[in-house]
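The plan is to look things up one by one and jot down what turns up.

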Amino acid sequence: MSTDDPTPRIPEIFEAIDTGTASDPSLPRDESARVTVDGEPVELAAGATVLDAIQKVKPDSLPALCQYDHPDIGPRSECRTCVVGTDSHGIVPSCSYPAKDGMAVQIDDPRAVEARSVNLDLVLGNHNLRCTTCGKNGRCELQDTAIDEAVETPRYGVFDDRSAYEPIDDTSSFIQIDRNKCILCNRCVEACNDIQVEGVLRMEGSGADTRIGFQSGAETMEESTCVSCGHCVTVCPTGALVEKGFEDATTIPLPGFTQKNSVGSVIEASDRRRRPVTPAKRDELAKSTDELDSGTGSPDQGHAGDGEDGVPDVDPWGGGA
Amino acid sequence: MSDEDLSGVAGMMQRAKAKALQNIEHVAEGVAAETLSEGTLFRIAESIGEKRLADLHVTDTTCGYCAVGCRFDVFTDGEKVLAVRPTAEENAPVNGISTCVKGKFSYDYVHSDDRLTTPLVRTDDGFTPVSWETAYDTVREGLDGIRQEHGPDALSVISSSKATNEENYLMGKFARQVLGTNNVDNCNRLCHAPTVAALANVVGYGAASVCMADLEDTDCYLITGSNTTEAHPVIATRIKQNVRDGADLVVFDPREIQLAEYATHYSQSQPGYDAAWINGITRYIIEHDLYDAAFIEDRTTGFSALTESVQEFTPERVEEVTGVPPEEIAAAAETIATADKCVFGWTLGLTEHSHGTENVTAMANLALITGNVGKPGAGLSPFRGQNNVQGGGGDMGPLPDNLPGYQDVGDPEVREKFEDAWECEIPSAYGHRTTEMFLAAERDEIRGMYIIGENAAVSEPNVQHAGEVLSDLEFLVVQDLFLNETAEYADVVLPAVTHVEKSGTFTNTTRRVQLVNQAMPPRGDAKPDWVILTELAQRIGYEWDYTDPAEIMEELRQLTPIYGGITHDRLAREGGLQWPCPDLDHPGTDRLYSESFNTRDGQANLTPVGWSDPADQPDDEYPFTLTTGRVLYQYHTGTMTHREPGITDYVESDFVELHPATAANYGIADGDPVRVESRVGEIVVPAQITERPGEDTVFIPMHFSATAVNRLTHEDHLDEPSATPEYKVTAVRITPHEGESAPISASEESAE
């Protein structure tokens, strides 16, 4: 009888869902710390980060673009726009670095200031800076940060080559994806897997080809196993994920100046009907495992242009195709 | 030139214009990029964004779908809901940043073109738009005619759990004071009334004992008859997180729902026999000395009678009755009994039976003998369905037997208090419950109805019967957002507004009263229910003078001890309050029964229950058991969700879930139309072949009137204590349907 086994058993389904925080550094949970920030002492509970210390003394003084204030999201140390100087460990990403007892933190350590500036420019260099037509205009954390940090001319330019843009994925009824505005902060992936525990989104590819993709190997939102809970779009810092119906609400109000026009290419929804209506999770996950085994939809191959072949037609209702 | 050519030319022009605009946009952006620094572009864009944001309205409010009680900011331009985003953390204590597809994205119904915007009165030519004054006069005359001739009890009111607490208080008051009858009820009768009846008897309050933190922090869940990931998605999210972190999740359900896939233990039970397996678990725990003896001794009465009553539920007997094998009963019992704390969660799979009250009583007994009531991380947790069925459907007393705060209308002292406050006489006899109203109307005991925000023509059991009753009524007033299936039978239709167009409070599934704040002006001439009721009462001659829902709360809190300390000011300041909150200094009660139970002696009443067969049982002629429910992408009869194209893309018709073996036996392929017949009716729906149901069970959701599953259910199979119908068990037979069912052919065409 299974009850003879006293160890807690996590159902297999959880193992099949990639956790978004797999690569997060773990924080020591056992000791409290006393640190100084620009000379000012701060007491911290166990598990606190350097950023927690800074927030107590000088709130909102750092960009920390990929950081999100939720226990299941991050810290991830992706963008490194939050680095600060320490006497003992050099410059560190404050969002994830444990606050160690006795540490002295200098926000304006010149090396840290330079690193933050370079790192923010690196983010901007891979971001399509088309703010006036962006769904997050006026509500964008990257825009706010660039203005707060007085960015005038980013060192590495901005991502403005339209021929290199990925099409907007407008296939979901509710959520629009513009990967050209994604800063790879990973918040959406963690929201999907660690808050909603749904196993839809993942990061795929490597280097310059890294992108938000789907664990099932699907190419578009409508083909994915998304349940439209909205956590991903809620946590996105930029215009990469926007609530549909809201994408042109704060853009420049001129005819033609729309999000879709600006990017230029769009994947629209097909007429495909979603079947089955009440899918079994294990069937969805089995499907994605099959695809990974057969090579389609593997992290390195998944990219726009693979075509619909990446997703087997499992629609017995005869819709689509 | 043919129409086709014309549209070809028009299409080309359209595309050319779009291309030209795109080119202009691209050139303009190019010029800007060449001549301005990125910093300047940021500042220009931001100023545009800020200006446009300033034109939007951002209002924090409470969700109008299920009763989890999610709060968030609603962004509108005054006409449409544009988006839903997280509100300040302290204003969203239940959900934080969490949402589901309905609460975050499904608001097209609010600005739908077919919203009712003016009152309608039936004439020989159909419905005619009229002024509010004319409409009120017509309602007054219609109700008064029946009242004069047949007495007040020939009238009844169905109130709405979609409406606010304040509005439901007025609906109950309207029935008693203005009409003079206790014939007032609401949709709680069709869902959790057995929960309310059972819990009131065993522990004292007909409500969840837990707070949200208990649901998040427990070591173990027993969930049954709840398709949580689809019907209460945000609660399911919390459960999944906790199970991932090591909590046990025991699921019993006739369908292997998605939550069962996340479970540490799943047992497939036969629909209709829940008391048997629950009593079997209770017996196992008592037999093996796994019960909490100290808790039973200190906090309960009736243990020896309970022990005796569960003796018949031996593992072998339970298997015989429910199909659940002994080892599964033992495993579930061990898991529940050895957990330090356990939450017992259920919805309508436990209640919508001809013996739903028995089922819930058995569940409460099990929670009590394991000591899992009144402590952190443990408790009884019915998940309520409608956004405000706890508050509006129960607490506010639009009920035939209770006045606000579950005060018994049969109690002379209670009656006297309300008679003094309302300056009227209240009948001492209980009124008719919703399902009984339809049976009473058949006998001409009820001749007029006032139905507010309830699509009874689709939601009542056996809708053929409900339709006949509605069409035979002498006078019917329907107050709704749309000319829905019920309104088609009405003599007068009064246009009401959605929750984003009004203010008030909702009470969530954990007794948390939260503010609803108006985010948009009412559409057309439509009005909030509380305004309509106030003006109608005035027109009839009563001195109702409410000008703000806060005034109504002020009145009701003084008559309702569990709401005694709740005011709109406090709710705004404190981010919601959980009842009981007896006075203005009381912080509210996050968890019930920490010290004592709300019973006469403060002890919980362990109450022996046996088991009963469902009223309708399969036989050779009708060999399958039909059970009903919801899907994620729809809501109830679809009044709110059918107007959302994004939603109907997912589900545009009902369907029947068949086990692959069952489908193979009948030669039915996925998507084939299937005729499903019960002893009272038949429908044709497409097949969805899945291993979710057992081989003897079929499942049909309840969302579409064209294929209303309630053509199959029985209007007179009721739970005796609560009068709740047996939606979850109907004997049916299936046959492949020759030809095509309308919904499936439509879907295939549009998919090509």
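Among contacts in chain A between residues at least 6 apart in sequence, what percentage join residues at least 24 apart? I looked it up, keeping in mind that this is a predicted model, and got 67%.

I counted eight helices and eleven strands in chain A. Of its 321 residues, 59% count as buried.

**Ile91(A).** I found Ile91(A) in strand E4 of chain A, which covers residues 90-93. Is Ile91(A) buried or partly exposed? Its relative accessibility is 36%, so I noted it as partly exposed. Leaving out residues up to four places away in sequence, I listed its contacts as Val84(A), Gly85(A), Arg111(A), Ala112(A) and Ala115(A).

**Salt bridges.** My search of the whole structure gave 55 salt bridges over all chains. I picked a few to write down.

- Asp170(A) and Lys260(A) meet through their side chains at 2.6 Å, N to O. Asp170(A) sits in strand E6 (168-170) of chain A and Lys260(A) in helix H7 (259-263) of chain A, so this pair ties together parts that are 90 residues apart in sequence. I have Asp170(A) as buried at 5% relative accessible area, and Lys260(A) as partly exposed at 27%.
- Glu256(B) and Arg282(A) form a salt bridge at 2.9 Å, N to O. This pair crosses between chains: Glu256(B) is in the loop between strand E9 and helix H10 of chain B, and Arg282(A) is in helix H8 of chain A. I noted Glu256(B) as buried at 17% and Arg282(A) as partly exposed at 35%.
- Asp529(B) pairs with Lys502(B), with their closest N and O atoms 3.3 Å apart. I placed Asp529(B) in helix H23 of chain B and Lys502(B) in the loop between E18 and strand E19 of chain B, 27 residues apart. Asp529(B) is buried at 5%, and Lys502(B) counts as buried at 3%.

I also came across a network joined by salt bridges that share partners: Glu166(A), Arg179(A), Arg202(A), Glu204(A) and Arg211(A).

**A sheet in chain B.** I traced an open sheet of seven strands with mixed pairing, in the order E5-E4-E18-E17-E16-E6-E7. Which strands stand at the edges? They are E5 (126-129) and E7 (184-185) of chain B; each has a single partner strand, so one side of each is left without a neighbour in the sheet. E4(B) and E5(B) run antiparallel, joined by four bridges, and I found Leu120(B) partnered with Pro129(B) in E5(B). Helix H23 of chain B packs on this sheet, where I saw it touching E16, E17 and E18 of chain B, its direction at about 150° to that of E16(B).

**Helix H22(B).** I checked residues 463-472 and found Val463(B), His465(B), Ala466(B), Gly467(B), Val469(B) and Leu470(B) buried. Those buried residues pack against helices H20 and H21 and strands E16 and E17 of chain B.

**Surface patch.** Last entry: Val9(B), Met12(B) and Met13(B) form a nonpolar surface patch with about 290 Å² of accessible area together. Val9(B) belongs to helix H1 of chain B and counts as partly exposed at 38%.

Terms used. Residues are numbered from 1 along each chain as its sequence is written. Chains are lettered from A and ligands numbered from 1 in the order in which they are written. This is a predicted model: local features need pLDDT of at least 70, side-chain atom pairs count only at pLDDT 80 or more; totals for chains, interfaces and linings use all residues. Side-chain values use heavy atoms; hydrogens and water are left out. Buried means under 20% relative accessible area, exposed over 50%, partly exposed in between (1.4 Å probe, protein chains only). Helices (H or I, at least four residues) and strands (E, at least two) are DSSP runs, numbered from the N terminus. Contact means heavy atoms within 4.5 Å. Two strands pair if DSSP finds at least two bridges between them. Axes are lines fitted to C-alpha atoms, for helices over the stretch in contact, and angles run from 0 to 180 degrees between N-to-C directions. Patches are made of residues with over 30% relative accessible area and no salt bridge: like charges are joined within 9 Å, nonpolar side chains (Val, Leu, Ile, Met, Phe, Trp, Tyr) within 5 Å. Accessible areas come from the Shrake-Rupley method with a 1.4 Å probe; for residues, only the protein chains shown count as cover. A salt bridge is a side-chain nitrogen of Lys or Arg within 4 Å of a carboxyl oxygen of Asp or Glu.
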